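Let's walk through this one together, starting with the whole chain and then zooming in on a few spots. Have the sequence and the model open as you read.

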Amino acid sequence: MSHTTHVPHRRTAPDHRAAPAAPPRARRRPSSQQWAAWAFLTPVTLYLALFYAYPLYRNLDLSLRNYTVRSFVRGDAPFTGLANYRTVFDDPTFAPALVHTVVFTAVCLFFQYAIGLALAVFFNQHFRLSATLRALFLVPWLLPLIVSASTWSWMLNSDSGVVNAALHAVGIDPVNWLTSPSWSLTSVIIANIWIGVPFNLVVLYSGLQSIPAGLYEAAALDGAGPWRRFWSITFPLLRPVSAITLLLGLVYTLKVFDIIWIMTRGGPADSSTTFATWSYQLGFGNLLPAFGPGAAVGNLLVVAALVFGLVYVRAQRKQALA
């Protein structure tokens, strides 16, 4: 008879000793890529702060104080709140300047975009001399604005301008383009359209290059004509490019000053005065400058451009989420 010896199991006592503390985590040092990113970002930040943020702050400060030439030099202008804005709104020039600004901006944007798009589609056919002609269309964009405006002033001169000479050759009476209140705004609109078309042409032409040619070939095989292909393929696929083109054109057109001032100086009788020229007239065009109201008019242009910029950003976000 065998005897089995039972060995009792030894229970292991729980180890109540504390686990060794983890070594302190060393701080992560910025990598070389992060230092390089900061190095590239610093000049841009300084540039924006010095040439955008600070001038905007100074312009806002000008519009909220009663600055004269003496107080502008000494820097002790009294704070007046929104008094300068009330002065601007009550001024009889405000309503005509607002209408001229809206008309000038809307008409210029429409024709610049329409003509630029038509030329972009035309040059997208890649025919002989296409590149040469496209380069020639960039000349108005490359010329200094003072040269372009002076050229148009000479062309539209009532007595010796080539435009009136051409009208006289076909039996049409000469037009006082720059000296008539009925035609002065039209004259500066024509000049600004001519200057802005090349920008629209370049941007829209680059947008057309990104549209696959296979889409047009498939549409042609389905029997779609040129107009059908344009409205069903070209125009819808150009919407992102068109949006940024119109936004940049809007911001530029709102602040156009050189062309109007050189050609008509906002006249005659304020018939071509916009917010841009009015702001300059208030701040620098008189013996007793009104710095505060002039800055207030400039801030109205800034707010208008900011509003349209925010609308564009919101539309782009909705399109990205769709």
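How much of the accessible surface of the chain belongs to carbon and sulfur atoms? The share is 67%, out of a total of about 21600 Å² (Shrake-Rupley method with a 1.4 Å probe; for residues, only the protein chains shown count as cover). Before going on, some ground rules: this is a predicted model, where local features need pLDDT of at least 70 and side-chain atom pairs count only at pLDDT 80 or more, while totals for chains, interfaces and linings use all residues. Residues are numbered from 1 along each chain as its sequence is written, and side-chain values use heavy atoms, with hydrogens and water left out.

Now for the overall build. The chain has 15 helices and zero strands (DSSP runs numbered from the N terminus: H or I of at least four residues for helices, E of at least two for strands). Its radius of gyration is 32 Å, whereas a compact globule of 322 residues would come out near 20 Å (taken over C-alpha atoms; the globule rule is 2.2 Å times the number of residues to the power 0.38). Along the principal axes, the C-alpha atoms fill a box of roughly 145 × 75 × 35 Å. Of the 322 residues, 34% count as buried (under 20% relative accessible area, with exposed over 50% and partly exposed in between; 1.4 Å probe, protein chains only).

On to the inside. The largest nonpolar core has 36 residues, and Phe104 and Met263 have the most contacts inside it. Such a core is a set of buried Ala, Val, Leu, Ile, Met, Phe, Trp, Tyr and Cys residues joined through side-chain atoms within 4.5 Å. Among the elements giving two or more residues to this core are helix 4 (94–123) and helix 9 (184–209), and the largest share, 11 residues, comes from helix 9. Leaving aside neighbours within four places in sequence, Met263 is in contact (heavy atoms within 4.5 Å) with residues including Trp152, Leu178 and Val188. A second, separate core of 15 residues includes Val88, Leu109, Leu254 and Trp278.

Two more residues are worth a look. Thr245 sits in helix 12 (residues 239–254) and counts as buried because its relative accessibility is 2%. Not counting residues up to four places away in sequence, Thr245 touches Phe199, Asn200, Val203 and Leu204. Gln209 lies in helix 9; with a relative accessible area of 40%, Gln209 is partly exposed.
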